[in-house]
Protein chains: 2
Amino acid sequence: MNKAEKTNPSQPRKARDVQHWDMETDIAIVGFGGAGGCAAIEAADAGSSVTIFELASASGGSTAMSSAEIYMGGSGGTRVQKACGFDDSTEDMVTYMTMAAGPQADEAKIRNYCESSTAHFQWLVDIGVPFKDSFHEERAIMCLTDDGLLYTGSEKAYPFAQQAKPCPRGHNLYIEGDNGGPLFMKIVTENVEKREAISVEYETRALCLIEDDDGSVVGIVIRKNQQELNVRARQGVILCAGGFVMNEEMIAKYAPLLSRGNSPIGNPGDTGTGILMGMSVGGAAINMHEGFISLPYYPPASMTCGILVNDKGQRFINEDVYHGRMGAYLLAQQSERFYYVLTIDQYSDYEKVSFMGAQVAGTGETVEELEAELELRKGSLQHTIELYNEDCEAGEDTLQHKAAQWLEKLEPPLVALDVTPGRGAFIPYFTLGGLDTLPSGEVVDPQRRSIPGLYAAGRTACGVVRRAEGYSSGMSVGDATFSGRMAGRAAAAAQRNSQ
Amino acid sequence: MNKAEKTNPSQPRKARDVQHWDMETDIAIVGFGGAGGCAAIEAADAGSSVTIFELASASGGSTAMSSAEIYMGGSGGTRVQKACGFDDSTEDMVTYMTMAAGPQADEAKIRNYCESSTAHFQWLVDIGVPFKDSFHEERAIMCLTDDGLLYTGSEKAYPFAQQAKPCPRGHNLYIEGDNGGPLFMKIVTENVEKREAISVEYETRALCLIEDDDGSVVGIVIRKNQQELNVRARQGVILCAGGFVMNEEMIAKYAPLLSRGNSPIGNPGDTGTGILMGMSVGGAAINMHEGFISLPYYPPASMTCGILVNDKGQRFINEDVYHGRMGAYLLAQQSERFYYVLTIDQYSDYEKVSFMGAQVAGTGETVEELEAELELRKGSLQHTIELYNEDCEAGEDTLQHKAAQWLEKLEPPLVALDVTPGRGAFIPYFTLGGLDTLPSGEVVDPQRRSIPGLYAAGRTACGVVRRAEGYSSGMSVGDATFSGRMAGRAAAAAQRNSQ
């Protein structure tokens, strides 16, 4: 047994051991991505002084690397939804997001998110985020035009559409190409810079929290220019330091299934530091096993008309779901191979526009020929396609419930792509677990009691998004920016603690 | 924000706040089930004084409620394995258990378990646990005869049998009926009672750990006869307080998928106290989302010859796997109904011997008739059974790889049981997450550094068993007893701390 003292960067320092406060601020924020930036703006506008500590030499975080789609709606619709003719209801949005999170759903958090969503849209507009009042019709994994609105989840797909009226909620910034993230963070950064109450310390590492003997968080220890400095945070600390997708050890320990993916999505700082800091003062980490892991099978949108089969030649999911849902169900199958089968027409410009990178596994002038080439059980794929084609003719996918608009008979010649994880296809992943928080952003312990002075937002917290099965694009930046604001607001409302 | 002091039973007390030690012992053990009992015996035999604190008025824990099958083998075989003609290899056992734990596997822990397994068998024999040198041939969910050995997992099933030579490792106590658990705990309790170095305090609740300023655990606070007492544990505290299956709030937070089961398996004390205590001093809790959740579809063993289909009429698992694996794959399907289809002969004495309690959903003089009665897509079940019957004739299940011995053509008349979760079938569940420990039982923090003075064993720790998908009967009591011994041994080897 090792009796050595635990001297771990993420173990808290005791306030009574602090000889001298090197810096003081009302609110210390760790991390300057979407969550940290929005937390700072909200807190400063509520009258608090704020210091953001960012490891990198510039703002950005994972938000800047993303498309920055933002999932918003409800309350009759945002300005963009209304302009595009969509009347969105809060209840439909709550239902959809609750189904998306499944048994892991945090009802209070989802409800708060949905009820405040059109106001959040307005807040973003007010700080200068531009959205065009136009609807992007085509099914896309991200919007490469400057259109302001698109479907970014499984809203129109079974079983969601049967429970909640579909409505597009992915809001895309008014800029061509996949450039939403950098633009979004540029706007947030400008907003931060023009507020005198906010200072930003770049190239600064947060080492650990500082806690009182009663367990309240009263500051953080940082390292800057080789020096360790004690920072008093009179109203609290907000952890916005991202997730842990870049921490291989934590992935292996907490979310080992994600290791079946091959491309971690996040910024190099997503090493779980914020989560570990929160845990070090008793914060509960929840949903740590869960992540987004995806088979990005579209574009082209025509892929939606193809079918996904396992090594039994069986379909097992409606192929009009969001790509993360397809990834989740694929990984849950007992099968050594997976193939995506489609016609030459559906294949269309696959090679040009696909992100997926899956290779052709076989082709067939007949279904029988393809079945043999893929070494599937004789009769298996033939049966699947026979029933599928009958259903296409009748206009109803009786087995997997793919929406009628995507039902096109699979007429040979056919192509099959090998989409087996580990055989070349791009399988991106990121974490969806983090510190348990109240809708206010207060970090709670395993008994759900708040830890005074500690808040978390963005990927460091476990937000509204909980499963690959129900993920929709825009939920991450939506949650990061909204939860950042909630935490900033709650911290700014806290009493100033001057010891 | 709530600035009230955190006064939580599981928050640690500081040693410097202890005015008086009411009791002293070398090793304090929380919980007197299989893990706690074996930890105490091992520690006492190594020269330490031990006090066990048990909430209930008698020993037992979940071990006494179980069948107390014990999963052991390797190193050429235990005495029973050898006597029954089985030559078990450690490498096969390691391979099987590693596949069973999947991506969550703890390699060091599994290897230690397997390499020490025949010695563990001998240790059990030495304390008086009786095993008969006889093999139980029939496939059973538990052994109702007094036979000493049976297959209790998926060893003979795909994909395990293809990677590791099958060997039965479920050791059953020498007693008729499902009475292994009470007998096992009677023997352990007698062993505890006859050791003068061990005291047992029943009807005593462990309230919280006591820690030094350096983070070492030096005792526990207990409540007995309405009094709170400070107990100094000079060599450490071993948490053997069970899992959290009886804590609905923790299930909802950490393992919400388990709520799809309907029968929590465990004793009333399985409320997560031990895990929470460990977390309160910085211990990492891992694999918290995971649990055993099962469809106990056999006995009768003839059920293995039937097929499980979803609402698409598709098979999706080989029906010769352990029932927990079937439960796990069933829950991972997108399907609103599940049916177990079998012949009248296979149905046999189902009503008499089944634990499952699933009701008949339909019968058919032909497959077509059954398909219609179950409202399955026309042609779907017919196709499945057509291929299955062809495979049965050829003696190879080409699609799901059920072993040849179970392949019997499904000749009408047929019966279908409704095994949909939530529609009457018995779906037992328990947790498989807990404190992260080294093979020695030392509790580690999220960076895997040991917390001095703190150990955990049994269900309070996250042991060798990690997933429903790979669970085998006997792994729980096997792990509880073995990990208890490891923790007892490590604590007894620790330096005595007298402050």
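Me: Where is P300(A) found?

Reply: P300(A) is found in the loop between β13 and β14 (307–310) of chain A; strands (E, at least two residues) and helices (H or I, at least four residues) are DSSP runs, numbered from the N terminus. This is a predicted model, in which local features need pLDDT of at least 70 and side-chain atom pairs count only at pLDDT 80 or more, while totals for chains, interfaces and linings use all residues. Residues are numbered from 1 along each chain as its sequence is written, and chains are lettered from A and ligands numbered from 1 in the order in which they are written.

Me: And the peptide bond that joins P299(A) and P300(A), cis or trans?

Reply: The bond that joins P299(A) and P300(A) is cis, with omega at about 0°. In chain B, the bond from P299(B) to P300(B) is cis too, with omega near 0°, and P300(B) lies in the loop between β13 (291–293) and β14 (307–310) of that chain. As background, most peptide bonds are trans, and most residues other than glycine have a negative phi.

Me: What about phi of E375(A), positive or negative?

Reply: Phi of E375(A) is positive, near 55°, in a residue other than glycine. E375(A) is found in the loop between α13 (367–373) and α14 (380–394) of chain A.

Me: How many residues of chain B are in contact with chain A?

Reply: There are 43 residues of chain B in contact with 43 residues of chain A, where contact means that the C-beta atoms of two residues, placed from the backbone, lie within 7 Å. On the side of chain B that touches chain A, the elements giving two or more residues are α8 (248–254), α9 (273–280), α14 (380–394) and β21 (450–456) of chain B. By class, that side of chain B has 17 nonpolar, 17 polar and 9 charged residues, with Ala, Val, Leu, Ile, Met, Phe, Trp, Tyr, Cys and Pro counted as nonpolar, Asp, Glu, Lys and Arg as charged, and the others, Gly among them, as polar.

Me: Helices next: at what angle do α4 and α5 of chain A pack?

Reply: Helix α4 (residues 90–101) and helix α5 (residues 107–115) of chain A pack at an angle of about 140°, with their axes 9 Å apart; axes are lines fitted to C-alpha atoms, for helices over the stretch in contact, and angles run from 0 to 180 degrees between N-to-C directions. α4(A) and α5(A) are therefore oblique to each other, given that angles under 35 degrees count as roughly parallel, over 145 as roughly antiparallel, 65 to 115 as roughly perpendicular and the rest as oblique. Among the residues that make the contact are M93(A) and M97(A) of α4(A) and I110(A) and C114(A) of α5(A). By class, the contact of α4(A) with α5(A) has 6 nonpolar, 2 polar and 3 charged residues.

Me: Which strands does β10 of chain A pair with?

Reply: Strand β2 (residues 23–30) of chain A pairs with β10 (residues 227–239) of chain A in the parallel sense over 7 bridges, where two strands pair if DSSP finds at least two bridges between them. Here I29(A) stands opposite I238(A) in β10(A). Strand β9 (residues 217–224) of chain A pairs with β10(A) in the antiparallel sense over 6 bridges, and I222(A) stands opposite L229(A) in β10(A). Strand β21 (residues 450–456) of chain A is joined to β10(A) by 3 bridges and runs parallel to it, with L454(A) as the bridge partner of V237(A).

Me: What lies between the strands in the hairpin of β9(A) and β10(A)?

Reply: That hairpin has 2 residues between the strands, and N225(A) takes a positive phi near 50°.

Me: Back to β13 of chain A: which sheet holds that strand?

Reply: β13 belongs to an open sheet of 3 strands in the order β11-β18-β13 (chain A), with mixed pairing. The edge strands are β11 (263–264) and β13 (291–293) of chain A, each pairing on one side only. β13(A) and β18 (residues 428–431) of chain A pair in the antiparallel sense over 3 bridges, and G291(A) stands opposite T431(A) in β18(A).
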